[in-house]
Amino acid sequence: MIVLKSPAELDKMRTAGRIVAEVLRALERKIEPGITTLELDRIAERLIRSFGAVPSFKGYQGYPANICTSVNEALVHGIPSERRLAEGDILSIDVGVFYDGYHGDGAWTYPVGEIDEADRHLLEVTRRALFAGIAKAVPGGRLSDISHAVQTVVEAAGLHVVREYVGHGIGRALHEAPQLPNYGPPGRGPLLRPGMVLAIEPMVNQVSRFVRTLTDGWTVVTVDGGRAAHFEHTVAITESGPEILTLLPGEAGPPYAAP
């Protein structure tokens, strides 16, 4: 697990995080019925490389694309394709970038046109769970305080935390220790201290918590066909509390800031 030793290291991670934020905002503006997820992938690659960064996911353990695009019942790791988005879909986009020796990682789930009330509830609860977890990323806490906060928000709203996939440490490697589940009792796990950087990422299903992987070896879907959402920020623990790195400077207000 990386623990940042200097302000210069944190600045590099801030830059990687800002690139993630720039890419997500650009893709959000392109989401509409009729666009393909492969088109979004190509836009993302061009933009990432325009910043002098490279996509973290391309080639990672053989992953074939630049971003992950998971539609409706797909939770994570969806491979961009010629599939065209339709009115009423929901789309999770996960973006990772590698810049100047450090990674940034972020994800958001977006409506495609108008979505129904159940899907709006899913997205809003998962977003709130993310920020509830971030609020617990403070020096002196324990890792599972974050996990417990996420689980509490999700289950109070009648939704389901996926247990097979977790958040993680991040820094010079895309995935570092510790693993960060989205469930569990508080007060357990490593002590949180300044310099730690975590990818906090609630993954939430509508109908049940169970998932399976498709034959492409990557796309994770709900077993029951219910829809799923995925929200993620890269967060540095500082002396003054959590700092979200996957935001643009001065960015505030929904859907990107905590309520």
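The following dialogue explains how to read several features of a predicted model.

Biologist: On what basis are the values given?

Modeller: This is a predicted model, in which local features need pLDDT of at least 70 and side-chain atom pairs count only at pLDDT 80 or more, while totals for chains, interfaces and linings use all residues. Residues are numbered from 1 along each chain as its sequence is written, and side-chain values use heavy atoms, with hydrogens and water left out.

Biologist: What is the order of the strands in the open sheet of five strands?

Modeller: Helices (H or I, at least four residues) and strands (E, at least two) are DSSP runs, numbered from the N terminus. Two strands pair if DSSP finds at least two bridges between them. Here the order is E8-E7-E9-E14-E15, with antiparallel pairing. Strand E8 (176-180) and strand E15 (241-244) are the edge strands, each pairing on one side only. On average, neighbouring strands of this sheet are turned by 30° against each other, direction ignored. Such angles run from 0 to 180 degrees between N-to-C directions, and the axes are lines fitted to C-alpha atoms, for helices over the stretch in contact.

Biologist: Which strands of this sheet does helix H3 touch?

Modeller: Contact means heavy atoms within 4.5 Å. Helix H3 (residues 117-135) packs on the sheet and touches E9, E14 and E15, its direction making about 20° with that of E14. Strands E9 (residues 197-200) and E14 (residues 233-238) run antiparallel and are joined by four bridges; in one of these strands, E14, histidine 233 is the bridge partner of isoleucine 200.

Biologist: Is helix H4 largely enclosed or open?

Modeller: A residue is buried under 20% relative accessible area, exposed over 50%, and partly exposed in between (1.4 Å probe, protein chains only). Ten of the 14 residues of H4 are buried, so this helix is largely enclosed by the rest of the structure. Among the buried residues are Leu143, Ile146, Val150 and Val154. The buried residues of H4 pack against H3, strand E6 (160-161), E8, E9 and strand E10 (203-205). Helix H4 (residues 143-156) lies across E8 and E9 and runs at about 40° to E8. Just after H4, glycine 158 takes a positive phi of about 80°.

Biologist: Which strands pair with E4?

Modeller: In general, the side chains of a regular strand alternate between the two faces of the sheet. Strand E1 (residues 54-55) pairs with E4 in the antiparallel sense over two bridges, and proline 55 stands opposite valine 97 in E4. Strand E2 (residues 68-71) is joined to E4 by four bridges and runs antiparallel. Ten bridges join E4 to strand E5 (residues 102-111), again antiparallel. In the hairpin of E4 and E5, with two residues between the strands, aspartate 100 takes a positive phi near 55°. Eight of the ten residues of E4 (residues 90-99) are buried.

Biologist: How many aromatic pairs are there?

Modeller: A pair of aromatic rings is described by the distance of the centres and the angle of the planes. Rings of Phe, Tyr and Trp (its six-membered ring) pair if their centres lie within 6.5 Å; planes under 30 degrees apart count as stacked, over 60 as edge-to-face and the rest as tilted. By this rule the count is two aromatic pairs. Tyrosine 63 and tryptophan 218 are edge-to-face, at 5.0 Å centre to centre and 80° between the planes. Tryptophan 108 and phenylalanine 231 are also edge-to-face, at 4.7 Å and 70°. Tryptophan 108 lies in strand E5 and phenylalanine 231 in the loop between strand E13 (228-230) and E14, so this pair ties together parts 123 residues apart in sequence.
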